Structures are given as C-alpha cells and as structure tokens.
Amino acid sequence: MRVVFTTYAFPDDNQAFMARFAGALARLGTDVCVVASAGNRGACAPRGDPVLVPRVLRAPWTDPRTTKALTLLLSTRRAAQYHPTEYRRLVSALRRRHGQSRALLAELYAQTPVLSQPFDVLHVGWLEAATHWTELLGAVDAPVVVSCHGSDLRLEPLLGGRYRERLATVFDRADLVHCVSRELADRAVELGLEPAKLFVRPWGVDTARFRPLPTRSRADVLRVVSVGRLHWVKGYEFALQAIARARRAGVDVEYTVIGAGDRRNRLNVLTTARDLDLLPCLRLRGALSQTEVADTLREADVFLLASLSEGLSNATLEAMAVGLPVLVTDVGGMREAVTDGVEGRVVPPRDPAAMAAALLELAADDDLRSRMGRRARERAARDFETEPAARAMMGEYERLVHDWRAPAGTTEK
C-alpha cells in the first residue's frame, strides 16, 4: 500500500501527533511518503529515535527563489513520469483558473510534489489545505482521504463565501473524510458531507512516550500546565483569569504554558498576566520537543485546556496518558474523551469562575487528583493509542483501493 500523506511542517512539535501517526502507518507496513508544504520548524523525534517515515518531500514557500525553481523543475518532471494524465489535468485546470501567471507557477510549486511519487491513496492531512487544492483533488485518479481537525469545520465556515464553496467541492471529490470526533463529524454532515464518507477516529497518543512516573511528587504549590499554540482560540485569557481567581482564594498556583506563538500573541498573553498580577507565577516555555512536553506534564498536578474551539485536543490525550487529571472546556468533541468527574472536569467555555472552582476542588483533594489521573491514563491507553488508530486507517485505505479497482473499471472523477 503506497500512501502520499500531506501536511505543513514535518516533523513539527506543533503537530507531533501527525508525525507519530505517519510513523505508525510506516511501521505497520504502509509505504508512506510525506509531502510537507511548510518549513521544518522543529523536529519532534528526539535524537536516537527511529526514522518516522522513509521519505519526506518539502516544498516550503519560504525557500529561496532558486531552490523553489529547482524543486518545481524536479517535481514536474517526476509528476509527468509517474502520473502523466493527472499532471496534464492539473495543469489544464490551474491554467483555466490562473492563466499564464505567477499564480500558476505558485500553485504548481505547491501541488506537483504530491504527484511526484507513485501512490495508491492520497491523504491530505488538513482540510484547509484541501480547500486550496480542489484542482488537484479533481485530477487525482486514486482514492482521496481528507482529515479535519476542528477550526476548519467549526470556525472557518463562519466566514462563509469562498471557503464554503470550496469546502463543498472538497466534500464532493473526497472519497473519505476523517474527523477526530463525532461532534466534528456531525458538523461536517451539517455542512453537506455525505455520511457514508465519514471516518471518525482521533489521531491518537503514544502512551509509551507519554507515561506516568511510578510516583508523583507532591508540592505546596498547585502546578497547572497547558499545551497549545499561543492563539486566541486556545482561551488563555480565560485560563489566566481562572488562575487569578484561584490565587485570590488562597491557592498558590504555578502556571506553565507550552506552545509556540508569534510576538503579538505572546504579548497578548503576557499583558493579560501582567494586568492580573500573574507574571511571577507564569512560565511561557515556547515550543518544546515531545520528550520535554512529556517531562513537563509529569511534573504537573493538573492539565488545563481553556479552548474556545476544538475537534478533539491531542494535548489533552497526552496529559491523560501521563496520568494527569484534566480540566477542559466543553467544546467540540472534548466530552468524547473526558467524562466530567471521572478523568477530570468539564466546564463551559469563557467561564473563568467555573474553571477556578474546579481548580480549587482539585487543589484541595490529593486523592481526587490521583484517582482522576489513574482513570485518565486507563482511558488513554484503552481508547486513544496511536497504533490502533493507524491500523484502523489502514483498513480504510485498503477498502477504498479495493473499491477503486473493482472489476467494473477505474472510476473517473
């Protein structure tokens, strides 16, 4: 089984779960080639780890012009070699859209690497990318899988207009749409996806890497940690307000945030912390390797997700695998991973008072935190391991290829 899997940066600490998923596919015998359309911002495989996948092709727009010209030349030659008919279709469709322009060259630079390798299945790892590649999806003569993460179905469609039009085209041309939660799948159907095209499964977590310590140290301070990019959708403003309320109620809280962010978003978080007098207890760690994330989670007492929108947070699954009680907002598919009062607490979004009340409850009861942490670890190991998720996806690939190659003939898109 040959699969071309597309993503942005690879490997990348911000989306390490996708690298682990692609690596699991490779370990299960799938011939995976990753096509990455963004620069490599950081390796998520620590030194000494096995190679995640045998082949990675990168075509970042940030490369120098000469490098991009050579990449385009090589990818177009290989595309014409491996997929001559599909390549001609793609070029023809892009010319109708852009004419003979620099935009045409930009689109060819981004999309022809996908056709530069032989494959049985094309798996576009991000729905938003697929909405920019509708000509490619229409040209490919093989099954197409598209993955949805959360904001691509819960936020972007709010803008309406062109995005919704292209979303409808993606849903029409995709053979399988992968959603990380049932709630997100229901949203896809509301937006026009045929239910028969759905595949629902989280990306999963590496429970061998994210595992608890034999014993968790105790401290006078409540160590709270969040993992996620510095962005308004992650709700850090409300998380900080909750931390401030808990401190005013007498709980000594240390708050660690792991996640990359540009200067503007970092300043937004720091300004909120300053206004709430939280700078002494806030640690912004930036982007960390997966080993560093796991180590930091093991040192914490509570994981906090204050998001305003999620598909199903993989950072939460990692915290659960480490054995932390998790405090999450009731957004997207989070209730599919966390049962309120079992693995942690589920509170309304934009409600720092409810978050603070849950933090106070957890701070006051060591046994409750330990009990919830054990249940969280059990749930992660039972329901959210990466390898079974990859195996289930492999089964879908095989079914799609079988149907595509049925004796009735090759299906034309």
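In which loop does Asp277 lie? I shall return to that question towards the end of this presentation, but let me give the answer now: Asp277 belongs to the loop that runs between α11 (263-275) and β10 (282-286). Please keep in mind throughout that we are looking at a predicted model.

Let me begin with the chain as a whole. Its secondary structure amounts to 16 helices and 13 strands. The C-alpha trace spans about 70 × 45 × 40 Å along its principal axes. How does this chain compare with a compact globule? For 413 residues, such a globule would have a radius of gyration near 22 Å, and the chain has 22 Å, so the two agree.

Next, the surface and the contacts. The accessible surface comes to about 17900 Å², and carbon and sulfur atoms account for 49% of that area. Of the 413 residues, 55% count as buried. If we take contacts between residues at least 6 apart in sequence, 71% of them join residues at least 24 apart. As for charge, the chain carries 57 positive and 51 negative side chains, and the centres of these two sets lie 5 Å apart.

I turn now to the interior. In soluble globular proteins, nonpolar side chains tend to be buried together. In this chain, the largest nonpolar core holds 103 residues. Which of its members touch the most others? They are Leu122, Leu127, Leu153, Phe171, Cys179, Leu297 and Phe303. Let us take Leu153 as an example. Setting aside residues up to four places away in sequence, Leu153 touches Leu127, Cys148, Leu167, Phe171, Cys179, Leu184, Arg187, Ala188 and Leu191. There is also a second, separate core of 34 residues, with Leu278, Val302, Val347 and Leu368 among them.

Burial can also be followed element by element. Please find strand β1, residues 2-7, which contains Thr7. Is Thr7 buried or exposed? Its relative accessibility is 4%, and the cut-off for a buried residue is under 20%, so Thr7 counts as buried. Beyond its neighbours within four places in sequence, Thr7 is in contact with Met18, Val34, Val35, Ala36, Ser37 and Trp126.

In helix α4, residues 102-111, the buried residues are Leu104, Glu107, Leu108, Tyr109 and Gln111. An α-helix has 3.6 residues a turn, so residues three or four places apart point the same way. The cover over the buried residues of α4 includes α2 (65-82), α3 (84-98), α5 (127-132) and α6 (134-139).

Most residues other than glycine have a negative phi, and most peptide bonds are trans. Asp277, with which I opened, has a phi near 60°, a positive value in a residue other than glycine. With 58% relative accessibility, Asp277 counts as exposed. Arg350 also has a positive phi, near 55°. Arg350 is placed in the loop between β13 (344-347) and α14 (352-364). Its relative accessibility is 53%, and Arg350 therefore counts as exposed.

Conventions:
Residues numbered from 1 in each chain as written. Predicted model: local features only at pLDDT ≥ 70, side-chain atom pairs only at ≥ 80, totals over all residues. Heavy atoms only, no water. Helix = DSSP H or I, 4+ residues; strand = E, 2+ residues; numbered from the N terminus. Rg over C-alpha atoms; globule rule 2.2 N^0.38 Å. Buried < 20%, exposed > 50% of the residue type's maximum accessible area, 1.4 Å probe, protein only. Contact = heavy atoms within 4.5 Å. Areas by Shrake-Rupley, 256 points an atom, 1.4 Å probe, with all protein chains shown as cover. Lys, Arg positive; Asp, Glu negative; His and termini not counted. Charge placed at Lys NZ, Arg CZ, Asp CG, Glu CD. Core = buried A, V, L, I, M, F, W, Y, C linked by side-chain atoms within 4.5 Å.
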